Amino acid sequence: MNKWWPAPAKLNLFLHITGRRPDGYHELQTAFQFLDHGDKLKFTITENAQITLKADLPEVVEEDNLIVKAARLLQTSCKSRSGAIIQLEKNLPMGGGLGGGSSDAATTLVALNKLWQCGLTEDQLASLGLQLGADVPVFVRGHAAWAEGVGEIFTKIEPPEPWYLVIFPECAVSTAEIFSATQLTRDCEPITIAGFLAGEGSNICESVVTKLHPPVAQALAWLAQYATIPRMTGTGSCVFARFESASAAENVLEHVPAHWHAFTAKGCNESPLSFCAKDFDRRLDVTAI
């Protein structure tokens, strides 16, 4: 079953910072929803323990890539003697706030857990994922979630699943840069899930990012011509707006200025990775009969 495994993008439907811990980490409130668009990974299992990544990412040293780190972390945790050749099809922009690197790491953990027959539970995989990054666990768990703490305390939610138009305004934003900005608001009043589902919430980082990165402000202003409440995801730089249908989103996509990269995608409360993992298990069960 040497197939492609999806590493979907996520959107932060809102993002508030409610405080800062003594260790410097920010306390957040946010809502994650997945998209049916993202990177893809293929895994070829080897008998030796070597982890090899095949990816066209010249700007990232392989040893620093979260895919390699995730594979080695799982390998060590499970004392697996197997290795893997991992092929990455990169479709998500880096520094866009779509969670591409974290999603790639989560897909690596979920897929190799099955292919190496490690037998770790979802909780155990999420715990490993948290060692790699605060956004990795939500991709491991694979369900739209309300997140608090530093982004690792999850409650499943069922927001509407509209179509989205996502624009990457051809600039990368560093999360560390935004979270260290002195002008960032860090005392948002907490809101409730019910309040969010009723329309409360914003992205508190937008005002800082748009001042430091004017292309993000330009993309938001452009999108506001076609949709109500366009928003930035995470700490940017991607911005998005929701639409009632695929055709409505596609119609606006046709007008996106050529110097921006853009795509349409369906919002998903269950991750494409979750569906893929279930399909893997189902095929394994059929083979075993």
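Residues are numbered from 1 along each chain as its sequence is written. In this predicted model, local features need pLDDT of at least 70 and side-chain atom pairs pLDDT 80 or more, while totals for chains, interfaces and linings use all residues, and side-chain values use heavy atoms, without hydrogens and water.

**Exercise 1.** Find where Leu 98 lies, and decide whether Leu 98 is buried or exposed.

*Solution.* Start with the loop between strand 4 (83-89) and helix 2 (100-115). Leu 98 sits there. Helices (H or I, at least four residues) and strands (E, at least two) are DSSP runs, numbered from the N terminus. Next, take the relative accessibility: 1%. Leu 98 therefore counts as buried (under 20% relative accessible area; exposed is over 50%, partly exposed in between; 1.4 Å probe, protein chains only).

**Exercise 2.** Which residues does Ser 102 touch, leaving out those up to four places away in sequence?

*Solution.* First place Ser 102: helix 2. Then apply the contact rule, heavy atoms within 4.5 Å. The partners are Leu 66, Asp 135, Val 136 and Phe 139. Ser 102 has 14% relative accessibility, so Ser 102 counts as buried.

**Exercise 3.** How far apart are the C-alpha atoms of Met 232 and Leu 11?

*Solution.* Locate Met 232 in strand 8 (residues 231-232). Along the chain, Leu 11 is 221 residues away. Beyond four places in sequence, its contacts include Asn 12, Cys 238 and Phe 240.
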